[in-house]
Amino acid sequence: MQYISTRGGIEPVCFQDAVMMGLADDGGLLIPESIPHAGLRMEDWGELSYIELAYEIMRRFIGDISEQDLQELIAQSYQGAFPEEVAPL
């Protein structure tokens, strides 16, 4: 997944570079080059814990961090921060 500037003045950058930049060098916002389609997966996602759901969503936008490292980062960030039950829809 690459990130582009809303002003179009930079070459696409990876997730880690986008995070470190904050705003694009041209002053624009950094946004994903495309939005992954998740339509058929959404029913299955209703059964996941908050941490599992965060991983399933974030991994589609973060391609330059290993799956194991991403899972650990998410677990460390969200463990105990939210109730175990995801809010019902």
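**Notes on the predicted chain**

1. The chain exposes about 6,500 Å², and 55% of that area is supplied by carbon and sulfur atoms. The model is a predicted one, and every value in this note should be read with that in mind. Of the 89 residues in the chain, 21% are buried, and the C-alpha atoms fill a box of roughly 40 × 30 × 20 Å when this is taken along the principal axes.

2. On secondary structure, the chain holds 4 helices and 2 strands, and their order from the N terminus on is β-α-β-α-α-α. Where contacts link residues at least 6 apart in sequence, 43% of them join residues that are at least 24 apart.

3. On charge, the chain carries 4 positive and 16 negative side chains. The centres of these two sets lie 7 Å apart.

4. Strand β1 deserves attention at both Tyr3 and Ser5, and I begin with Tyr3, which has its place in that strand. With a relative accessible area of 8%, Tyr3 falls under the 20% limit and therefore counts as buried. Leaving out residues up to four places away in sequence, Tyr3 touches a list of residues that includes Pro12, Val13, Phe15, Ala18, Leu30 and Phe61. Tyr3 also touches Ile31, and although these two residues are 28 apart in sequence, their C-alpha atoms are 5.2 Å apart in space.

5. Which backbone atom lies 2.6 Å from a polar atom of the side chain of Tyr3? It is the backbone oxygen of Phe61, a residue that is also listed among the contacts of Tyr3.

6. Ser5 likewise belongs to strand β1, which covers residues 3-5, and with a relative accessible area of 6% Ser5 is buried. Not counting residues up to four places away in sequence, Ser5 touches Ile10, Ala24, Asp26, Gly28, Leu29 and Leu30.

7. When residues up to four places away in sequence are not counted, Glu33 touches Met1, Gln2, Tyr3, Ile4 and Pro12. Between Glu33 and Tyr78, which are 45 residues apart along the chain, the C-alpha separation is 27 Å.

8. Helix α3 spans residues 50-58 and contains Glu56, an acidic residue whose relative accessibility of 18% is under the 20% limit, so that Glu56 counts as buried. The side chain of Glu56 makes a polar contact of 3.2 Å with the side chain of Arg59. Setting aside neighbours within four places in sequence, Glu56 is in contact with Trp45 and Leu48.

9. Helix α4 runs over residues 67-78, a stretch of 12 residues, and from its first C-alpha to its last it reaches 16 Å, close to the 16 Å expected at 1.5 Å a residue. After α4 comes Gly80, whose phi is positive, near 80 degrees.

10. Within α4, Ser77 is exposed because its relative accessible area of 51% is over the 50% limit. A polar atom of the side chain of Ser77 lies 2.8 Å from the backbone oxygen of Leu73. Ser77 and Gly22 are 55 residues apart in sequence, and their C-alpha atoms are 20 Å apart in space.

Methods
Residues numbered from 1 in each chain as written. Predicted model: local features only at pLDDT ≥ 70, side-chain atom pairs only at ≥ 80, totals over all residues. Heavy atoms only, no water. Expected span 1.5 Å × (residues − 1). Buried < 20%, exposed > 50% of the residue type's maximum accessible area, 1.4 Å probe, protein only. Contact = heavy atoms within 4.5 Å. Areas by Shrake-Rupley, 256 points an atom, 1.4 Å probe, with all protein chains shown as cover. Charge placed at Lys NZ, Arg CZ, Asp CG, Glu CD. Polar contact = N/O pair within 3.5 Å; in protein donor to acceptor, adjacent residues only side chain to side chain.
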